[in-house]
Amino acid sequence: MTPSPTDPGPIPEAVLRGLDLSVRRRLEGLLPGDQPTPAVGVGTELAQVRAYRPGDDVRQIDWNATARTGEPHVRVHVAERSVTTWLMLDLSPSMAFGTADRLKVDVAEGIANAVGRLATRRGNRLGVMTFGGPEPRVLPPRQGRAGLHGAIEASRQFAAPELHPDESMEIAAGASRNGGRPERSELAEALRKVGSLARSRSLLVVVSDFRGPRDWVKPMRALAARHGVLALEIVDPREQELPDVGELVLADPETGRQLRVDTSSGKLRERFATEAAAERDGLARELRRSGADHAVLSTSGDWLRILARFLGGRARGRPRR
């Protein structure tokens, strides 16, 4: 089956295996000292072989050691501890935009699929929180298919408006301007809420275009002090530069503010590109200062491989860019 132009597309198994290794390394890094827990119990890593004691599980008897010593011995394994991942999805109006291979919200859905498949393996749990949409949702952490399906279902709750391509381009340009922002961002409130829910050390994955006021910096810094935080920024090429298509009425999808401009002006296009680049550079600095790991994924090209390289680099301890 051929995916539609805006479909995030299938996840190649080879890429998924690479992501799996990277995510497992990151999840393991959330445990104190990056070492397996000293507790013993059900698990896959052998802790010791010792003499059988009344009450031990007979299924754990080590028959080789029993034969050598003439006394029953059992295998004791390192107990496995599950790690919880919280996936935070931005479903605000600006996520409906896309002029390249897909919409931003389609990339978000693909990320939800990939992260959901990885974060629910080996007994780990996935919780989901959406923000910016008409009905913010919180799905409590769950294991296996329940956690995965919850992530995918939540990512599809966004009802993208029907837009003519020219209108989409106008909205993108308006969205990248500084003016007309709402006074408060729903991301800040979502971060505070997930902070109250994530009691144990967790991995927080924030998927957003980070449009709007940056009142989320303080709550994100507080979360990064206790948890691992990944900030996955989704962008579109038209948010960084204006095309030369004559007069446009630019509209900010978050506020409805409109502005008529003549894109045939080279000075205007240059100024727009300069300000857009400065805004995104400022965002990157704020995310780094907050303690989050930051990656930029575009509606153009292979976002999944970029995500895989990002996670692989973080798992190997490379310095942030």
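Buried stands for under 20% relative accessible area, exposed for over 50%, and partly exposed for values in between (1.4 Å probe, protein chains only).

I noted the basis of the entries: the model is predicted, local features need pLDDT of at least 70, side-chain atom pairs count only at pLDDT 80 or more, and totals for chains, interfaces and linings use all residues. Residues are numbered from 1 along each chain as its sequence is written, and side-chain values use heavy atoms, with hydrogens and water left out.

I listed the contacts of valine 205 (contact means heavy atoms within 4.5 Å). Leaving aside neighbours within four places in sequence, valine 205 is in contact with Thr85, Trp86, Leu87, Met88, Val115, Leu230 and Leu232.

**Entry: whole chain**

I recorded 9 helices and 11 strands for the protein chain. Helices (H or I, at least four residues) and strands (E, at least two) are DSSP runs, numbered from the N terminus. Of the 321 residues of the chain, 48% count as buried. Among contacts between residues at least 6 apart in sequence, 76% join residues at least 24 apart.

**Entry: the sheet**

I traced an open sheet of 6 strands in the order β6-β5-β4-β7-β8-β11, with mixed pairing. Two strands pair if DSSP finds at least two bridges between them. The edge strands, each pairing on one side only, are β6 (138–143) and β11 (293–298). Neighbouring strands of this sheet are turned by 15 degrees against each other on average, direction ignored.

I then followed two strand pairs. Strands β4 (residues 84–90) and β5 (residues 125–131) run parallel and are joined by 7 bridges. In this pair, tryptophan 86 stands opposite glycine 127, and threonine 84 has arginine 125 as its bridge partner. Strands β8 and β11 also run parallel, with 6 bridges between them; leucine 232 stands opposite alanine 295 in β11.

How many residues of β4 are buried? I found that 7 of its 7 residues are. Thr84, Trp86, Met88 and Asp90 are buried on one side of β4, and Thr85, Leu87 and Leu89 on the other. In a regular strand the side chains alternate between the two faces of the sheet. For β11, 5 of the 6 residues are buried, so this strand is largely enclosed by the rest of the structure.

**Entry: helices on the sheet**

I examined helix α3 (residues 104–119), which lies across β4, β5, β7 (203–208), β8 (228–235) and β11, running at about 170 degrees to β4. Axes are lines fitted to C-alpha atoms, for helices over the stretch in contact, and angles run from 0 to 180 degrees between N-to-C directions. Helix α6 (residues 186–197) packs on the sheet and touches β4, β5, β6 and β7; its direction makes about 150 degrees with that of β5.

I listed Leu187, Ala188, Ala190, Leu191, Val194 and Gly195 as buried in α6. They cover an arc of only 160 degrees around the axis, which puts them on the same side of α6. The arc is that of the directions from the helix axis to the C-beta atoms. These buried residues pack against β4, β5, β7 and α7 (217–224).

I next took α7, where Val217, Pro219, Met220 and Leu223 are buried. Seen down the axis of α7, they fall within an arc of 165 degrees, so they line one face of the helix. The buried residues of α7 pack against α6, β7, β8 and α8 (266–290).

**Entry: threonine 66**

I located threonine 66 in helix α2 (residues 63–69). Is threonine 66 buried or exposed? Threonine 66 counts as buried because its relative accessibility is 14%. Not counting residues up to four places away in sequence, threonine 66 touches Ile61, Glu71, Pro72 and His73. Threonine 66 and arginine 50 are 16 residues apart in sequence and 9.8 Å apart in space, C-alpha to C-alpha.
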